[in-house]
Amino acid sequence: MTNYTPLGVYVHWPYCARICPYCDFNIYKNQTIDAARWIEVLTHDLEHWAAQTPNRKLASLYFGGGTPSLAPLGVIDAVIRACEQLWGFAPDPEITIEANPTDAEQLHFEALAGAGVTRLSLGVQSLRDDALAFLGRDHDAASAKRSIETAQRVFNRTTFDLIYARPGQTLDAWRAELSQALDFGARHLSLYQLTIEPGTAFAKAVSAGRWAPAGEDLCADQFDLAQEMTAAAGLPAYEISNHAAPGEHSQHNLIYWNYHDYIGVGPGAHGRLNIDGRRLATEAAKAPADYLVEGADGYATEELDDAAQLVERLTMGLRLTDGVTLYADDYFYADEARTERLDALIADGLVTLDCGRLRATANGRRVLNAVLFELLR
Ligand SMILES: C[S@@+](CC[C@H](N)C(=O)[O-])C[C@H]1O[C@@H](n2cnc3c(N)ncnc32)[C@H](O)[C@@H]1O
């Protein structure tokens, strides 16, 4: 019997043309690629996970990175073919690839579309040259704008990322930049507040006092402005950082946020699967060289107990405007003190519980970490 609980596959391509000073993803400087070896290991990996997820169709396939738009087309094509053969796609599947504006060649995008990619996610980051220089990007505003137009010409579904709450960025400057972004008629946008991640060049610069991150109040004002402007443009927030017109939500990311099942292949990729009633967390070998040797044999797998699952379910689900379902027999209610804390959060107007749906309010989403701490401590 076919199990239609949404299942997605995430493929991590770990290479980038350059390492951005803010980025702490599992990434490495681009190098000569043995495409045949990558195809062999990724395909074997997918076979490994397909054997454990029989009778399921794929709702989504997501190539993330790093910069998967740098991957040899043969690798992208082989992975899509393997997914078709091993699971088959559910009707109207979403096949997304992340790309950098520097790779936004019309022919390349057409070749990706020809291989089966249905959605393109562009790492634009900013539409201002000074901000792009600060963020260490190897593209300028003009090429960013061209890449958006090229993507929109080739793909029915596109999205692009912007990083805001940058040091020195005023509310007016953010309003002007976001208005420019909305003028492209985007139907999906990811708007990320700059975070200073440990171990990055930005973290070193901040701790050396070279510059200071934007203040919390300004960040909150810029967040509120983003909510207002995107809603007014017809792509309201459906998640803390993600905004979409109806029907344009990222199906793949919704699998994460709704705590459904996903398979992660590629160096350092994570997965979450329900197998034989157990919730498994999986992680592939992190270093590309190890991954290419170990492949499917190099996975760390851990069974998640009820408490661990609740932490993940709420942490992911409350990011969604639509929140998360609490079932009558939910482990959430196993702790009476938690129910009392929930009542206090409801009284403070930070969350609502309606027909078993727990949602963070607009005020709650501004202080989501504090809300989660209260619910999960
Ligand atoms: C996997 S990255 C995309 C990689 C793609 N190669 C690129 O650079 O465009 C996903 C997105 O996370 C966001 N991101 C990464 N590090 C961040 C940080 N420290 N603060 C805010 N956003 C960040 C960026 O917007 C980036 O496009």
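A crossing of two helices is called right-handed if the near helix is turned clockwise from the far one by less than a right angle, and left-handed if the turn is anticlockwise. Keep that handy for the exercises below, and remember that we're working with a predicted model.

**Exercise 1. Work out how H11 and H14 pack: what are the angle and axis distance, and which hand does the crossing have?**

Step 1: Find the two helices. H11 covers residues 306-317 and H14 covers residues 368-376.

Step 2: Get the geometry. The packing angle is about 155°, and the axes sit 11 Å apart. Angles over 145 degrees count as roughly antiparallel, so H11 is roughly antiparallel to H14.

Step 3: Assign the hand. With the definition above, the crossing of H11 and H14 comes out right-handed.

Step 4: List who touches whom. H11 brings Leu310, Val311, Leu314 and Thr315, and these meet Leu372, Leu375 and Leu376 of H14. Sorted by class, that contact has 6 nonpolar residues, 1 polar one and no charged ones.

**Exercise 2. Now pair H14 with H12: which residues make the contact, and how do they divide by class?**

Step 1: Start with the axes. H12 spans residues 336-347, and it packs against H14 at about 150° with the axes 8 Å apart. The cut-off of 145 degrees applies again, so H12 and H14 are roughly antiparallel.

Step 2: Collect the residues. On the H12 side you'll find Arg338, Arg341, Leu342 and Leu345, while H14 supplies Val371, Glu374, Leu375 and Leu376.

Step 3: Sort them. The H12 and H14 contact splits into 5 nonpolar, no polar and 3 charged residues.

**Exercise 3. Describe the crossing of H3 and H5: at what angle do they cross, and what is its hand?**

Step 1: H3 is residues 106-115 and H5 is residues 141-154; their axes come within 10 Å and cross at roughly 35°.

Step 2: The hand is right-handed for H3 and H5.

Step 3: In H3, look at Gln106, Phe109, Glu110 and Ala113; their partners in H5 are Ser147, Thr150, Ala151, Arg153 and Val154. The class tally for this contact is 4 nonpolar, 3 polar and 2 charged.

**Exercise 4. Check the backbone: where is the cis peptide bond, and which residue other than glycine has a positive phi near 55°?**

Step 1: The bond from Gly65 to Gly66 is cis, with omega near 10°. Gly66 belongs to the loop between strand E4 (58-65) and helix H2 (73-86).

Step 2: The positive phi, near 55°, belongs to Asp92, a residue of strand E5 (residues 89-99).

Key
Residues numbered from 1 in each chain as written. Predicted model: local features only at pLDDT ≥ 70, side-chain atom pairs only at ≥ 80, totals over all residues. Heavy atoms only, no water. Axes fitted to C-alpha atoms, helices over the stretch in contact; angles between N-to-C directions. Helix = DSSP H or I, 4+ residues; strand = E, 2+ residues; numbered from the N terminus. Parallel < 35°, antiparallel > 145°, perpendicular 65-115°, else oblique. Contact = heavy atoms within 4.5 Å. Nonpolar A, V, L, I, M, F, W, Y, C, P; charged D, E, K, R; others polar.
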